[in-house]
Amino acid sequence: MKNIIFNTLKTYGGYYIYDRHTNSILNVPKEEYLEFKAIQNGTLEAENSALIKKYQQQGLFIPNIVEKIEHPKTHMLEYHVNNRLSQLILQVTQQCNLRCEYCAYSGIYANNRTHSNKRMDWLTAKKAIDFFLDRSIESKKCTISFYGGEPLLEFGLIKKCIEYAESIIEGRELTFNMTTNGTLLKGEIVDFLVKHDCHVSISLDGSQEEHDINRKFLNGKGSFDTIINNIIKLQEKYPDYSKRIHIMTTINPYMDLSCVMEYFNTSQIFNDKYIIFNSMTINNLKEQITYDQKFYRIRRFEYIKLLFCLINKLDEAYVSPLVRRGIGETALSLKSLQQHAEIGPVMHPGGPCLPGVKKLFVRVDGTLYPCEKVSESLDFFQIGTLDSGLNINKMRKLLNVGKCTEDKCIQCNALMHCMICAGQLEFGNDKEPTPNNKQIECTKNINNMMSKLYEMCVLSEFQLTPELEMRK
Amino acid sequence: MKHIIFFPYHPDIYTIIKELRTSQTFCVDGLISFNEDRIITNQINLKLRSKLIPDEDLIKSCDTIVLLDNYRDYRLDKYYSIITQANEYNKEIVVSPSIAKKLNIRKICGQYRIMNLQPQTVIDKLKDNKLYHTNIPIIVVLGQGEFCGKFETELLLKHVFINNKYKTALISSNALGAILGDYTLPDFLFDDNISFVDKVFLFNHFIFNLSVAENPDVIIIGIPEGIAPFNAGYHNHFGLYASVIGNALYIDAGVMCVYFTPDLNENALQNINNICINKFNAPINAISISKIMNEQLEPQDNSYVFNFLDDNYLTQYYPNTNNYDYPVIDLFNTNNAKDQLNIFLNLLSGNLNSI
C-alpha cells in the first residue's frame, strides 16, 4: 500500500488530524487521535486500521496518488507570456542618492549587485513598453512600475515613459507606480505624478531617530527631515492624492521597534496613510543578523492581538500593521482548507508565479527578469532580453522549481501549502536550485505550515470571525 | 455589395471573416481596433487588403461599421470616437446588442441599428398559454459558457445541412449571425420583466410560427451562455436559457460545446449528457471541443479568463478526437469537423416519416 500522508496535532482543547489528500483538518476524538499517532509512529500498519478504512470510504486518507511534480500552467506559460503580461517594472537607474545600511544593493547580500551609475536610456525604455504592450493583448489592466536605486533620479525618463504609454494605450486601464525614498518628491515632480495619478510608496522607518540610523544621504546626513518636509508639502497641496500614499517601513535589527510603532500611531501626518511593515530580507545575507529580545517581545505581543482579532475579541483597528497582513493570510489558509480540494497525480508547490507574466522586470540594459526581488547576477534568473525575446525554457525551469526535489515533494506533508519560489533560495555558490539549497527553505516551509495548521486548530476552538471556520 | 469594417478586435472576427469570404452581400474591408491591438489588427488587415491604410481612410471607404462587443472591458472612449467619425462620413453603424447597452449612443446621435435578425413571424406578446408541437427536427447547440465554440459549431452544422440540400433555419446564439443572414435570438428571452413561464410559451410560439411560415427541413438553435454555473462568480444565469428552450421545444438532437482540454474525461462526458437530458430535455449526440480554454488565474479568485489558443499550441495539444468512443467534433480541423457532424444527417435521415 502506498503511504498515506497525514499529520497529527494536539491542542489543549482537542485532537486533530491533517489529511494531505483532501487538504482537510479533522477534529477527532482522543482514541482516534491515538490510533493515527500509532500509525504515524509505525506501531500500527495503516492497512490494519479499521479507522483508516472508515475514513477512506468518505474519501479521506487515500494513499498517495501524486506521481509527478509539475506546475499546472507549464504548458500554458507560452500563451500567457505572449498575451497576458500584466506588470512592467522598469529599472530606470541603479544609482541612489541614499546609502541605506540594509539596502539590497549595499553589498551586504551575496549574489546581488551594488549601486552603480548605470541608467536606462529612452530607447530601451520605449522598447520595453512596446514589448510589454505587444504581449498583453488579453490583459484588461496594465501596470508600469519604476524601480531603482532611487527611480526619481531619472524623473526625465519616467516622464517620457508615462507620456508615451498614455499616448499609445487607448482601451486598457493603465496605472503607474513606484517606491521612492521620498527625498526628491517635490515641486514639478509631485505635480506631474499627481497629474498622471502615479501611485507612490515612500520608504520611511519611523521617527527621525529610528529612520536616520540607516537611511542616510551619501554625505552621512539623515534623510528624515527632507522626506517629512516633502510629505507635509504634498499633503497641503494635494490632500486627496496624499491619502493614497503608502508608507513602507523596513523592520531591521538597528531600530527600536516600539519607537517606530509609537511614532506611526501618534504622528498626525500618518493618520490617513497606509503603513506597510516589511522585514529586512535575511536570505542571502553575507553576515547573520540578530534581533534583540525587545523586538521579539513586541512582535509576540502584537501577534497575540492578531489572534484575539481572529477570534472576534479585538477590533482590527487595534491590530498593528506589523502583523495585520496575518488576517488576510489566515483567511486564505482557511479558505484553502475549506475547499477540501483533492490532491492530484500532478502537483506543484504554489509559490512560483508565472515568471514574466505577473511581473516583467527590465534591467537598465534591457535584460529581463521575473521580478525585482531576484538576483540580477545569476544567469538562472535571466529570462531573456528585449532584443532576443523571452526564453520559454528558462521560464519553465523557474516555474518548476519543485522539480529539483521531486521525490521529496511527492511525499511532503506541506505540498498543498508550500509557497517556495526560486527567488527565496540561498544559492551560495550554486548557479541554480539544487536539492541542497532548496532543502533549507523546505524545512522552514514545513515548520511554518505546521505552525499555521496548529494555529487554525486552536482558533477553531473559539468563536471565529465568519470567514474563519473549519470542517469538523 | 456592402463594404463593412469592424471595431474593435474580437476573437469572433476570424470566424466572421471566413464566413463572409464567399458572401455576395458583404465584403469585409478591414478591422480597426485600439492601439494596443496593433499587431493583430495589422495581421488581419494585411490578409484582407495586402496593405495597411489609415483608420480614417478605412472608415471613409466603407459602407457600414460594425461595433463588436467589448470583451476585455476596455474604456469606451474609442467607441465614441469611431461613432463620431462614422456619422461625419455618413456611414451606417451596426451595433452588437451587448455593447449597445453600455454605450450612450443617443448622446452621439446619428443613425444606427442593433445587430439582430428576426423572422417576420417574430412575436413580442403572448397570445395564449399553449405549447405547440413543431414537426420540424430541432437541433440545439449548447455550451459550458461564453467563448466555448458554439458560434463556430452552429455555423459548421448549418453548412453540413445546406451542403446536403436541406433547407436550414439557424437561430444563432451570437448576434454576429445576423450579418451572415442567420436569425438571432428574440429579445424577450433576455427581458428580465418577463417570467420564466412566459418565456417558455413565447419561445415555443416563436419557433412554431417560424416552422409554419418558412417550413425548413431542420432548425438549429444556439443556446446562449452555459448550462450551469462554474462557481459563485460565474453563474451563467444558472442555465436559464437552456431551461427555457428545453421546456419550450421537443429537442431531437444536440451538440455540447466544451472548453479546450487536452484530454476529455469520458465519465465527465456521460455526466454532461445526463444533465442535458434530465434538466433540459436535450439529448447530446456529440461533443465539440473549443479552441478556447477557460482558466482560473489565481486559485483564490472566483473569476476566469479565456485563453484564445493559437495554432502553435493547438497543433501540440489539441486532442485526437478519434480516440473517444463518444462522437467528438474537431474544431481545430474544420474539414474533420464537417465530416464528424454528418452524424446529425444520419440521425435525421433515419427518422420515420409518420402521420
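Which residue in S2(B) is the bridge partner of B:Phe6? Select B:Phe6 and look across to S2(B): the partner is B:Leu31.

Before moving on, a word on what is loaded: this is a predicted model, in which local features need pLDDT of at least 70 and side-chain atom pairs count only at pLDDT 80 or more, while totals for chains, interfaces and linings use all residues. Residues are numbered from 1 along each chain as its sequence is written, chains are lettered from A and ligands numbered from 1 in the order in which they are written, and side-chain values use heavy atoms, with hydrogens and water left out.

**Stop one: the five-stranded sheet of chain B**

Colour the strands in the order S2-S1-S3-S4-S5 of chain B, and you have an open sheet with parallel pairing. Helices (H or I, at least four residues) and strands (E, at least two) are DSSP runs numbered from the N terminus, and two strands pair if DSSP finds at least two bridges between them. At the edges are strand S2 (26-31) and strand S5 (113-114) of chain B, each pairing on one side only. Strand S1 (residues 2-7) of chain B runs parallel to S2(B), joined to that strand by five bridges.

Now show helix H1 (residues 13-20) of chain B, which packs on the sheet and touches S1 and S2 of chain B (contact means heavy atoms within 4.5 Å). The direction of H1 makes about 145° with that of S2(B); axes are lines fitted to C-alpha atoms, for helices over the stretch in contact, and angles run from 0 to 180 degrees between N-to-C directions. Next comes helix H4 (residues 77-88) of chain B, touching S1, strand S3 (64-67) and strand S4 (92-95) of chain B, at about 165° to the direction of S3(B).

Two loops deserve a click here. Most residues other than glycine have a negative phi, and most peptide bonds are trans. In the loop between S1 and H1 of chain B sits B:Pro8, and the peptide bond from B:Phe7 to B:Pro8 is cis, with omega near -15°. In the loop between S3 and H4 of chain B, find B:Asp73, a non-glycine residue with a positive phi near 55°.

**Stop two: the seven-stranded sheet of chain B**

Select the strands in the order S8-S7-S9-S6-S10-S11-S14 of chain B for another open sheet with parallel pairing. Strand S8 (183-184) and strand S14 (328-330) of chain B each have a single partner strand, so one side of each has no neighbour in the sheet. Strand S7 (residues 168-172) of chain B pairs with S8(B) over two bridges, and B:Ser172 has B:Thr184 as its bridge partner in S8(B).

**Stop three: where the chains meet**

Show both chains: 24 residues of chain A are in contact with 29 residues of chain B. About 2400 Å² is buried between them, with carbon and sulfur atoms giving 44%; buried area is the accessible area (1.4 Å probe) that two parts lose on being put together, summed over both. Highlight A:Met76, A:Ile137 and A:Glu170, which supply 25% of the area that chain A buries against chain B, more than any other three residues.

The interface holds five salt bridges (a side-chain nitrogen of Lys or Arg within 4 Å of a carboxyl oxygen of Asp or Glu). One to zoom in on joins B:Arg38 and A:Asp130, with the closest N and O atoms 3.5 Å apart.
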